[in-house]
Amino acid sequence: SSLRSRSPVGVAQLWIVRHQYTFMKKVTLFGFIVLAAIVGVLFWHYFNGAEARFVHEATMAFEKHDVNRLQALYCWDRVSDVTKEKTWEANSNTLSRTVIDIELVDPDPQYIHDWKVGGVTYVANLPVTKQLQVRFEPPEGSASGVHYVMLPYNVGKKGGKLYLLSVAPVK
(Lines give C-alpha, C1' and ligand atoms only; values in the text may rest on other atoms or scores of the structure.)
Protein backbone atom coordinates (compact mmCIF):
# COMPACT_ATOMS: atom_id res chain seq x y z
CA SER A 1 0.00 0.00 0.00
CA SER A 2 2.86 2.39 0.61
CA LEU A 3 4.02 1.80 -2.95
CA ARG A 4 0.65 2.82 -4.28
CA SER A 5 0.72 6.17 -2.48
CA ARG A 6 3.88 7.15 -4.33
CA SER A 7 2.99 8.02 -7.82
CA PRO A 8 5.72 8.52 -10.42
CA VAL A 9 4.50 12.09 -10.91
CA GLY A 10 4.90 12.85 -7.17
CA VAL A 11 8.47 11.52 -7.11
CA ALA A 12 9.36 13.57 -10.18
CA GLN A 13 7.84 16.68 -8.64
CA LEU A 14 9.83 16.15 -5.43
CA TRP A 15 13.03 15.76 -7.47
CA ILE A 16 12.30 18.97 -9.41
CA VAL A 17 11.40 20.95 -6.28
CA ARG A 18 14.52 19.72 -4.44
CA HIS A 19 16.80 20.58 -7.36
CA GLN A 20 15.14 23.96 -7.92
CA TYR A 21 15.75 24.75 -4.23
CA THR A 22 19.41 23.72 -4.55
CA PHE A 23 19.74 25.75 -7.75
CA MET A 24 18.21 28.81 -6.05
CA LYS A 25 20.66 28.47 -3.13
CA LYS A 26 23.55 28.41 -5.61
CA VAL A 27 22.22 31.43 -7.50
CA THR A 28 21.73 33.36 -4.26
CA LEU A 29 25.20 32.44 -3.02
CA PHE A 30 26.71 33.46 -6.37
CA GLY A 31 24.82 36.77 -6.19
CA PHE A 32 26.20 37.49 -2.72
CA ILE A 33 29.73 36.66 -3.89
CA VAL A 34 29.41 39.00 -6.87
CA LEU A 35 27.98 41.76 -4.65
CA ALA A 36 30.82 41.33 -2.13
CA ALA A 37 33.38 41.49 -4.94
CA ILE A 38 31.85 44.71 -6.32
CA VAL A 39 31.79 46.33 -2.87
CA GLY A 40 35.39 45.20 -2.28
CA VAL A 41 36.57 46.71 -5.56
CA LEU A 42 34.77 49.98 -4.80
CA PHE A 43 36.35 50.20 -1.33
CA TRP A 44 39.77 49.34 -2.73
CA HIS A 45 39.41 51.98 -5.43
CA TYR A 46 38.14 54.58 -2.97
CA PHE A 47 40.95 54.11 -0.47
CA ASN A 48 43.75 53.71 -3.04
CA GLY A 49 42.36 56.59 -5.05
CA ALA A 50 42.61 58.83 -1.98
CA GLU A 51 46.38 59.08 -2.37
CA ALA A 52 46.18 59.90 -6.07
CA ARG A 53 43.47 62.54 -5.46
CA PHE A 54 45.52 64.08 -2.65
CA VAL A 55 48.72 64.30 -4.71
CA HIS A 56 46.72 65.74 -7.63
CA GLU A 57 45.17 68.45 -5.42
CA ALA A 58 48.55 69.31 -3.89
CA THR A 59 50.15 69.46 -7.35
CA MET A 60 47.41 71.78 -8.61
CA ALA A 61 47.87 74.07 -5.58
CA PHE A 62 51.64 74.31 -6.18
CA GLU A 63 51.42 74.64 -9.96
CA LYS A 64 48.76 77.37 -9.75
CA HIS A 65 50.55 79.04 -6.79
CA ASP A 66 47.19 78.93 -4.96
CA VAL A 67 47.71 79.27 -1.22
CA ASN A 68 44.00 78.89 -0.44
CA ARG A 69 43.86 75.60 -2.34
CA LEU A 70 46.88 74.34 -0.40
CA GLN A 71 45.41 75.51 2.91
CA ALA A 72 42.24 73.54 2.10
CA LEU A 73 44.32 70.34 2.20
CA TYR A 74 45.18 70.83 5.87
CA CYS A 75 43.53 69.22 8.86
CA TRP A 76 42.95 72.13 11.21
CA ASP A 77 41.75 70.10 14.23
CA ARG A 78 42.94 71.72 17.48
CA VAL A 79 45.13 74.25 15.58
CA SER A 80 45.24 77.83 16.89
CA ASP A 81 44.38 80.81 14.72
CA VAL A 82 47.96 82.08 15.15
CA THR A 83 49.36 78.80 13.77
CA LYS A 84 46.89 78.88 10.86
CA GLU A 85 48.03 82.41 10.00
CA LYS A 86 51.73 81.49 10.21
CA THR A 87 51.09 78.45 8.03
CA TRP A 88 49.33 80.63 5.45
CA GLU A 89 52.29 83.04 5.39
CA ALA A 90 54.85 80.22 5.06
CA ASN A 91 52.82 78.57 2.30
CA SER A 92 52.51 81.91 0.46
CA ASN A 93 56.30 82.19 0.37
CA THR A 94 56.77 78.56 -0.64
CA LEU A 95 54.21 78.72 -3.45
CA SER A 96 56.15 81.48 -5.18
CA ARG A 97 58.66 78.82 -6.31
CA THR A 98 58.39 76.58 -9.36
CA VAL A 99 57.72 72.91 -8.58
CA ILE A 100 59.64 70.13 -10.31
CA ASP A 101 57.73 67.24 -8.76
CA ILE A 102 55.64 66.16 -5.81
CA GLU A 103 55.70 62.69 -4.33
CA LEU A 104 53.89 60.99 -1.47
CA VAL A 105 56.42 58.91 0.47
CA ASP A 106 56.60 56.81 3.60
CA PRO A 107 57.31 58.95 6.65
CA ASP A 108 60.90 59.61 7.68
CA PRO A 109 60.97 59.62 11.52
CA GLN A 110 63.69 62.28 11.37
CA TYR A 111 60.98 64.82 10.49
CA ILE A 112 58.38 63.69 13.02
CA HIS A 113 58.91 65.20 16.44
CA ASP A 114 57.28 67.24 19.13
CA TRP A 115 58.60 70.42 20.70
CA LYS A 116 57.88 72.75 23.56
CA VAL A 117 57.10 76.44 23.39
CA GLY A 118 56.37 78.33 26.57
CA GLY A 119 55.88 75.12 28.54
CA VAL A 120 53.34 73.73 26.03
CA THR A 121 54.19 70.60 24.05
CA TYR A 122 53.12 70.59 20.39
CA VAL A 123 52.71 67.57 18.11
CA ALA A 124 51.20 66.82 14.70
CA ASN A 125 47.42 67.03 14.99
CA LEU A 126 46.93 63.55 13.44
CA PRO A 127 49.24 60.51 13.36
CA VAL A 128 51.73 60.88 10.50
CA THR A 129 51.09 58.17 7.89
CA LYS A 130 52.88 59.67 4.86
CA GLN A 131 54.93 62.68 3.88
CA LEU A 132 54.59 64.92 0.86
CA GLN A 133 58.02 65.52 -0.68
CA VAL A 134 58.18 68.61 -2.88
CA ARG A 135 61.14 69.46 -5.15
CA PHE A 136 61.53 72.94 -6.58
CA GLU A 137 63.52 74.61 -9.31
CA PRO A 138 66.71 76.00 -7.80
CA PRO A 139 66.70 79.68 -6.89
CA GLU A 140 68.32 81.96 -9.46
CA GLY A 141 72.10 81.98 -9.20
CA SER A 142 72.30 78.37 -7.93
CA ALA A 143 74.88 76.00 -9.31
CA SER A 144 73.86 73.86 -12.29
CA GLY A 145 72.00 70.65 -11.40
CA VAL A 146 71.06 71.82 -7.91
CA HIS A 147 67.48 71.15 -6.80
CA TYR A 148 65.77 72.67 -3.82
CA VAL A 149 63.97 70.09 -1.68
CA MET A 150 61.75 71.33 1.12
CA LEU A 151 61.36 69.60 4.40
CA PRO A 152 58.52 67.15 3.79
CA TYR A 153 54.97 68.04 4.68
CA ASN A 154 53.60 65.55 7.20
CA VAL A 155 50.42 63.85 6.04
CA GLY A 156 47.78 62.03 8.06
CA LYS A 157 44.52 60.26 7.40
CA LYS A 158 41.11 61.00 8.87
CA GLY A 159 37.87 59.40 7.71
CA GLY A 160 39.62 57.77 4.75
CA LYS A 161 40.89 61.14 3.48
CA LEU A 162 44.48 62.42 3.50
CA TYR A 163 45.38 65.79 4.99
CA LEU A 164 48.44 67.95 5.40
CA LEU A 165 49.13 68.23 9.10
CA SER A 166 49.71 71.16 11.32
CA VAL A 167 50.71 71.28 14.98
CA ALA A 168 48.52 71.41 18.02
CA PRO A 169 49.04 71.25 21.76
CA VAL A 170 49.19 67.74 23.18
CA LYS A 171 45.71 66.67 24.31
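Q: Strands are DSSP runs of E with at least two residues, helices are runs of H or I with at least four, and both are numbered from the N terminus; where is the place of Lys171 in this predicted model?
A: Strand 8 covers residues 167–169, and Lys171 belongs to the segment after that strand. The C-alpha atom of Lys171 is 9.5 Å from that of Asn125, although 46 residues separate the two along the chain.

Q: Why is Lys171 called exposed?
A: The relative accessibility of Lys171 is 82%. The term applies over 50%, so Lys171 counts as exposed.

Q: How many helices and strands does the chain have, and in which order do the elements run?
A: There are four helices and eight strands. Read from the N terminus, the order is α-α-α-α-β-β-β-β-β-β-β-β.

Q: What makes the pair Arg69 and Glu57 a salt bridge?
A: The side chains meet with an N to O distance of 3.1 Å. Arg69 lies in helix 3 and Glu57 in helix 2, so the pair ties together parts that are twelve residues apart in sequence. The cut-off is 4 Å between a side-chain nitrogen of Lys or Arg and a carboxyl oxygen of Asp or Glu, and the pair at 3.1 Å therefore qualifies. In total, five salt bridges are counted by this rule.

Q: Why are Arg69 and Glu57 called partly exposed?
A: The relative accessible area is 25% for Arg69 and 29% for Glu57. Buried would require a value under 20% and exposed a value over 50%, so Arg69 is partly exposed, as is Glu57.

Q: What makes Asp77 and Lys158 a salt bridge?
A: The closest N and O atoms of Asp77 and Lys158 are 2.5 Å apart, and the rule asks for a distance within 4 Å.

Q: Which parts of the chain does the salt bridge of Asp101 and Arg135 link?
A: In this pair the closest N and O atoms are 3.3 Å apart. Asp101 belongs to strand 1, residues 99–105, and Arg135 to strand 4; the two are 34 residues apart, and the pair links distant parts of the chain. Asp101 is partly exposed at 30% relative accessible area, and Arg135 is partly exposed at 27%.

Q: Why do strand 4 and strand 6 count as a pair?
A: Three bridges are found between strand 4 (residues 130–136) and strand 6 (residues 153–158), in the antiparallel sense. At least two bridges are needed, so the two strands pair. Lys130 stands opposite Val155 in strand 6.

Q: How many bridges join strand 6 to strand 7?
A: Four bridges join strand 6 to strand 7 (residues 161–164), and the two run antiparallel. Val155 stands opposite Leu164 in strand 7. Two residues lie between the strands of this hairpin, where Gly159 takes a positive phi near 60°.

Q: What sets the phi of His65 apart, and where does this residue lie?
A: The phi of His65 is near 55°, a positive value in a residue other than glycine. His65 lies in the loop between helix 2 (8–63) and helix 3 (67–71). At 42% relative accessible area, His65 is partly exposed.

Q: What is the phi of Arg78?
A: Arg78 has a positive phi of about 65° although it is not a glycine. Its place is the loop between helix 3 and helix 4 (81–94). A relative accessible area of 35% makes Arg78 partly exposed.

Q: Which residues form a nonpolar patch on the surface?
A: The patch consists of Phe30, Val34, Ile38 and Leu42, which together have about 400 Å² of accessible area. Phe30 is in helix 2. At 56% relative accessibility, Phe30 is above the 50% limit and therefore counts as exposed.

Methods: Residues numbered from 1 in each chain as written. Predicted model: local features only at pLDDT ≥ 70, side-chain atom pairs only at ≥ 80, totals over all residues. Heavy atoms only, no water. Buried < 20%, exposed > 50% of the residue type's maximum accessible area, 1.4 Å probe, protein only. Patch = residues over 30% accessible without salt bridge, like charges linked within 9 Å, V, L, I, M, F, W, Y side chains within 5 Å. Areas by Shrake-Rupley, 256 points an atom, 1.4 Å probe, with all protein chains shown as cover.
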